[in-house]
Amino acid sequence: MGALAPYDEVLKGKYPAKTHAKRVAEYIVGKGGDKTGTIYLEGQKQKLLEDNDSEAPFRQRRYFFYLSGCVLPDSYLTYDIPTEKLTLYIPPIDPEDVIWSGLPMSVEEAKEKYDVDEVKTTGEVNDYLTSSTATAQSTIYAIPEQISDHITFLSYDEKEFSLLKPAIENCRVVKTPYELALISKANVISTAAHVAVMKAARSAKNETELEAVFLKECISRNAKHQAYHSIVAAGENGATLHYVRNDDPISKQNLLLLDAGCEVDCYASDITRTFPLSGEFNEESLAIYKIVLDMQLQCIAALKAGVLWDSVHELAHKIAIAGLLELGILKGDKDEILKARTSVAFFPHGLGHYLGMDTHDTGGNPNYKDTDPMFRYLRVRGTLPAGSVITVEPGIYFCRFIIDPFLKNEEQKNFIDEKVLEKYWSVGGVRIEDNILITDEGYENLTPTPKEIEDLKKIIKSG
């Protein structure tokens, strides 16, 4: 057998549910909450497909998972803030279900698997909520839209439904070593899938073939779930930021933009690579790729705990402007172009977002009502704490729908050379995305996927 991956030793332990629960409780108390209160959360319900007796695909609620590590549907948990006791409630054995689905996880097995103090069955949750232990705690903390009709909080003097959700969202930003190990594992598996797509690119006749290659490589490594719907965009399809059709023929397009990442035990990877389908960049594609790679490398190098993410995003725009000026796509003074926000025509989205249990993870405090178009779609605002994981994904796109209004604007059109621009429409879009851990000293790149030009060419031609 080969050597263990760096994350394997960490993942031999249990998901740190009690650490997370304590962190959330401390956040609540720090916001003036009741230090003798109870936290209550529910897992997602198993549902049937509409007009069908088959089960719908299941995705565990992330708020519940953060405090339990439990993927079982129809489960519950309570956390006593003063005693720090975490209790998990799982479905009991139903003989009718056993006939079809086999034996479910037992209470004993759940106690061994999960980092909780006690495991009971779901029929006992109301018994606890009306018990003398519960009534001694005056406040229940829950998420209002995630409370089943049969659950009773009548024993509690106070029912606080506004604080728990933001508490979990904020606590999720800084990752524990176990969470980082899951993200790292997802990155390694997704990297193998990205490389497999690169090797299959030269012979592919349709985007769908390459999507299938990616999925196969993930599933064969026991990563059965994708963190999001893959973007497999050839040529001008790459100019659509969230292209999802993935079914166009591949013929003479130069580039493929592949934005895809698997999920491991509810934790996401999010990786984008753009590369030449034939193994060789054409002149225009290579020029744009070099600019985007420069944007990404410089922005990553600027990262460390306490850095203002808004400023790193602005740095990406400054580098894009310098590159597009050199190519002649933009013209005029670089400072005036930045002030006019003309670069938004080519780089319309934010530089990145937090990553964790969700691809676009919680705690970023975006401001989608910002009147400044350069910052409107930035998913993270403010400074980055050590222990957070953020994507760095600059891009340059040639989307007519986005650029045409700039060409019709009296101020903006003076900064764009339409004749030079005409040569670049076929590039579509270039985006390069890595997942970056923020540290006190700087950063750690969790994404080992090849992106240097010569490395890409070598891999593609080896297929």
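**Salt bridges and domain contacts in a predicted model**

The side chains of Arg381 and Asp370 come together in a salt bridge, with 3.1 Å from N to O. Both residues lie in the loop between α12 (334-340) and β13 (389-392), so this bridge ties together parts that are 11 residues apart in sequence. The structure is a predicted model, and a search of the whole of it finds 26 salt bridges. The protein chain is divided into domain 1 (17-173) and domain 2 (177-462).

- Arg381 is partly exposed, at a relative accessible area of 22%.
- Asp370 has a relative accessibility of 15% and counts as buried, because the cut-off for that class is under 20%.

**Other salt bridges**

- Asp259 and Arg431 form a salt bridge in which the closest N and O atoms are 2.9 Å apart.
- Asp259 belongs to strand β9 (residues 255-260) and Arg431 to strand β15 (residues 429-431), so the bridge joins parts that are 172 residues apart in sequence.
- Asp259 is buried, with 5% relative accessible area, and Arg431 is buried as well, with 3%.
- Glu217 and Lys216 also meet through their side chains in a salt bridge, at 3.6 Å from N to O.
- In that pair, Glu217 is buried at a relative accessible area of 14%, whereas Lys216 is exposed at 52%.
- A network of salt bridges links Arg59, Arg172, Lys175, Asp358 and Asp361.

**Interface of domain 1 and domain 2**

- The centres of domain 1 and domain 2, taken over C-alpha atoms, are separated by 37 Å.
- Contact between the two domains involves 9 residues of domain 1 and 15 residues of domain 2.
- Interface size is often expressed as the accessible area lost when the parts come together.
- Between domain 1 and domain 2 the buried area is about 1,100 Å², and carbon and sulfur atoms give 53% of it.
- Of the area that domain 1 buries against domain 2, 56% is supplied by Arg62, Arg172 and Val173, more than by any other three residues.

**Polar and charged pairs across the interface**

- The rule finds 4 salt bridges across the interface of domain 1 and domain 2.
- Glu263 forms a salt bridge with Arg62, and their closest N and O atoms are 3.1 Å apart.
- On the side of domain 1 that touches domain 2, helix α2 (residues 62-66) gives the most, with 3 residues.
- That side of domain 1 is made up of 4 nonpolar, 1 polar and 4 charged residues.

- Ile436 is part of strand β16 (residues 434-438).
- Ile436 is buried, and its relative accessible area is 0%.
- Apart from neighbours within four places in sequence, Ile436 is in contact with Ile300, Leu303, Ser388, Val389, Ile390, Val392, Tyr443, Glu444 and Asn445.
- Among these contacts, Val389, Ile390 and Val392 fall within the range given for strand β13 (389-392).
- Lys458 is 22 residues from Ile436 along the chain, and the C-alpha atoms of the two are separated by 25 Å.

Terms used. Residues numbered from 1 in each chain as written. Predicted model: local features only at pLDDT ≥ 70, side-chain atom pairs only at ≥ 80, totals over all residues. Heavy atoms only, no water. Domains from an automatic or database assignment. Contact = heavy atoms within 4.5 Å. Buried area = accessible area lost by both parts, 1.4 Å probe. Helix = DSSP H or I, 4+ residues; strand = E, 2+ residues; numbered from the N terminus. Nonpolar A, V, L, I, M, F, W, Y, C, P; charged D, E, K, R; others polar. Buried < 20%, exposed > 50% of the residue type's maximum accessible area, 1.4 Å probe, protein only.
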